Amino acid sequence: MTLLDPNVTALLYLAAAVFFILALKGLNSPRTARRGNLIGAFGALVAVVTVFFSTRLDNVPLILGAIAVGSGVAAPVARRVKMTQMPQLVALFNGVGGGAAALVALLELPHAEDAWVRVAVVFTLLVGAVSFAGSAVTFAKLQELMTTRPVVFPGLPVLMGAVLLAAVGAAAAVVLGGSLVLALLLLLLGLAAGVLLVLPVGGADVPIVISLLNAFTGLAVAASGLVLGNVLLVVAGTLVGASGTILTRAMAAAMGRSVAGILFGAFRGGSTAGSTAVSDRPVRSSSPEDVAVLLGYAQRVIIVPGYGLAVAQGQHTAAELAQALESRGTRVDFAIHPVAGRMPGHMNVLLAEANVPYESLKEMGEINSEFRTADVALVVGANDVVNPAAKTTAGSPIYGMPILEVADARQVVFLKRSMRPGFAGIENDLMFEPQTTLLFGDAKESLTKVLGAVKAL
Amino acid sequence: MDGISLLTITVLAVFVGFEVVSKVSSTLHTPLMSGANAIHGIILVGAIIVAGQATHPWVLAVALLAVVLATANLVGGFVVTDRMLEMFRGRKPGKPAPPGVTRGKTKESTEAKR
């Protein structure tokens, strides 16, 4: 088989890189996002086909088989995954990408004759391994295979420091001598560092860490491009590294957080650790029937969904309740906080899945002035995004985060599992206000009971 | 390619990466992260090259593992992003409401406001 001319190969790689840039650009706007993603996939296809025709490759049947296995496993999983489980699937895909970069670097080490190429090798090894292990821990947290709360133990900072120091030592030795054994040790140290990095991060901050690890994998891929002398890997990896960094900062800003605070807050015993303390201040709790009466005779109800709704898979029941109320003549809207749930946009996709018409999904800026005219604000499994502390309490972990102004509604009803504070771990004063009623229980069960009672009115 | 050219390309790519996502709305943060995640699955190209040049069985085995992992990242990443974005279809501005979801009450309350 004759191979493609190197110039043609370079042009095809350039085309793929341009497709990737257009893909990221397209993902900036809801109108072009889906097309953008397809453009990216096309770019990847061009690149993968190009490599087969431009490089002298042995073992082609085996490689094709491996690609078939990888797609055969990943595509159906990605097709069938539940909405609520998407963040952890993204974490998983990110982790295996980092792992693949680390393995590529490891195998290229014996061919790396220049010291600067070995610098790129150790960088890819370390960052790829951190990304792999860190993503595995975020997966376990989001899948609730382990606690979603920050895991901190005495000596964690010391241990982390020791691991990083050992990693730097091993990396230097690999750069100087090219030892494969030390490279394997570096890989293990990278895995340990990844675990230690993510353990102290709490539930609500986990998506931001996925984004950070995503940027890490991008950088590892860029470095592996330097190792292989492949420009496409350099460009694509750098693009993801740079855009991922900006995106991580934007996501953190939307939650009123700093990236350093998220990663190291728990180290210092700071804000992200929060508290699990249960307050003993009096609250007004009520029965599903009472809530049904409140809702059933209201002119205007605004439902505020949060992660509790997603966890309980209550979106279909919430949609049914909205329908039942509307058939009684009540106007119902859903107020969507941009960071409600565990990933930005989580509530949009969740309610779209339950076929809530998109006209009823109101963005925060659009709905906030309308709480004043609402008879009832029904808060389902949300807490931090309606916590007035974000406006009033300087020094609170969520201070500065824009919130939904549910306090303006005539009545506020919270559907909550317990009095436990939200992910940010701070008490919500709104729950003790006179206009507030609480209904304790799993969001779906509570909604089902309220729905039954509304139908019986 | 020489080191300086690669460095030039890397630095320029950093700035393109910064620019291209600078003003994205928070609703699209997750799909954008997921799309970027799929793009770094292009490490598959590197894994294929290493596997194609492997002579030792152990090297080949590890390289094929890298191919499997990279393919999962690449293919799974684009598919899951598409799944997320499917949900945004109904949110195109200016699209008329689908039949059957118009609300009697909405109209009345709009009139009441006048």
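A crossing of two helices is left-handed if the near helix is turned anticlockwise from the far one by less than a right angle, and right-handed if clockwise. By that rule, α6(A) passes α7(A) in a left-handed crossing, while α1(A) passes α9(A) in a right-handed one.

This is a predicted model, in which local features need pLDDT of at least 70, side-chain atom pairs count only at pLDDT 80 or more, and totals for chains, interfaces and linings use all residues. Residues are numbered from 1 along each chain as its sequence is written, chains are lettered from A and ligands numbered from 1 in the order in which they are written, and side-chain values use heavy atoms, with hydrogens and water left out.

**Two helix pairs**

Helices (H or I, at least four residues) and strands (E, at least two) are DSSP runs, numbered from the N terminus. Two packed helices are described by the angle between their axes and the distance between the axes. Axes are lines fitted to C-alpha atoms, for helices over the stretch in contact, and angles run from 0 to 180 degrees between N-to-C directions.

| Helix pair | Angle | Axis distance |
|---|---|---|
| α1(A) (residues 6-26) and α9(A) (residues 231-254) | about 15 degrees | 9 Å |
| α6(A) (residues 156-177) and α7(A) (residues 180-198) | roughly 155 degrees | within 9 Å |

Angles under 35 degrees count as roughly parallel, over 145 as roughly antiparallel, 65 to 115 as roughly perpendicular and the rest as oblique. Therefore α1(A) and α9(A) are roughly parallel.

Contact means heavy atoms within 4.5 Å. The residues of α6(A) that meet α7(A) include A:L159, A:M160 and A:V163. Their partners in α7(A) include A:L182, A:L185 and A:L189. By class, this contact has 20 nonpolar, no polar and no charged residues. Here Ala, Val, Leu, Ile, Met, Phe, Trp, Tyr, Cys and Pro count as nonpolar, Asp, Glu, Lys and Arg as charged, and the others, Gly among them, as polar.

**The sheet**

Chain A has an open sheet of six strands in the order β3-β2-β1-β4-β5-β6, with parallel pairing. Its edge strands are β3 and β6, each pairing on one side only. The twist averages 25 degrees from one strand to the next. Two strands pair if DSSP finds at least two bridges between them.

Strand β2(A) (residues 331-336) is largely enclosed by the rest of the structure, because six of its six residues are buried. Buried means under 20% relative accessible area, exposed over 50%, partly exposed in between (1.4 Å probe, protein chains only). In a regular strand the side chains alternate between the two faces of the sheet. Both faces of β2(A) are covered. A:R331, A:D333 and A:A335 are buried on one side, and A:V332, A:F334 and A:I336 on the other.

Four bridges pair β2(A) with β1(A) (residues 300-305) in the parallel sense. A:R300 has A:R331 as its bridge partner, and A:I302 stands opposite A:D333. Three bridges join β2(A) to β3(A) (residues 361-363), again in parallel. There, A:A335 is partnered by A:K362.

Helix α14(A) (residues 346-353) lies across β1, β2 and β3 of chain A, at about 140 degrees to β2(A).

**A residue in β6**

A:T437 sits in strand β6(A) (residues 436-440). Its relative accessibility is 4%, so A:T437 counts as buried. Beyond its neighbours within four places in sequence, A:T437 is in contact with residues including A:R284, A:L294 and A:F414.
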